[in-house]
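Reader: I'm new to this one and would like a close look at a single part. Could you walk me through the salt bridges and the residues that make them?

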Amino acid sequence: MQFMLLFSRQGKLRLQKWYVAHPDKLKKKITRELITTILARKPKIYASLYFCCAIEQNDNELLTLEIIHRYVELLDKYFGSVCELDIIFNFEKAYFILDELLVGGEIQETSKKNVLKAIAAQDLLQEDEAVEGALRDVGLL
């Protein structure tokens, strides 16, 4: 996979992950053109977010659809029926989940359970750091 974009019906980019190096100017051009092209098509589904992935010509399209599906399932499990606002206000978690699933544009972990364990471990680590910081702020550490 070269990149994954996630954007709203209004054309607002909510997540972008590039696995192939391109200059920022080219990334913006590609993103703008793809969003314009995709949003010009008649909506056939009820989702408020669109996923767009660029894959190599010889890559398996069904595998790419499965990756998108798996990512949405993980987001749903983590956020409890994920919505656009979850992505907006917790974008770092959305990226972390994606990074646990894909590395370098290739599937890294197929087990939802293992991905969710890694996310839970990261959440615990962040909570511990927050508590430690709070204790340091009040002079108890």
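Author: Glu73 is partly exposed, with a relative accessible area of 23%; buried means under 20% relative accessible area, exposed over 50%, and partly exposed in between (1.4 Å probe, protein chains only). This is a predicted model, where local features need pLDDT of at least 70, side-chain atom pairs count only at pLDDT 80 or more, and totals for chains, interfaces and linings use all residues. Residues are numbered from 1 along each chain as its sequence is written, and side-chain values use heavy atoms, leaving out hydrogens and water.

Now, Glu73 pairs up with Lys112 in a salt bridge, 3.3 Å from N to O. Lys112 sits in helix 5 (residues 112-137) and Glu73 in helix 2, so their pairing ties together parts that are 39 residues apart in sequence. Helices here are DSSP runs (H or I, at least four residues), numbered from the N terminus. Lys112 is partly exposed too, at 27% relative accessible area.

A salt bridge, by the way, means a side-chain nitrogen of Lys or Arg within 4 Å of a carboxyl oxygen of Asp or Glu. By that rule there are eight salt bridges.

Back in helix 2 (residues 61-79), Arg70 and Glu66 are four residues apart, about one helical turn. Their closest N and O atoms are 3.7 Å apart, and they form a salt bridge. Glu66 is partly exposed, at 37%.

Note on methods. Helix = DSSP H or I, 4+ residues; strand = E, 2+ residues; numbered from the N terminus.
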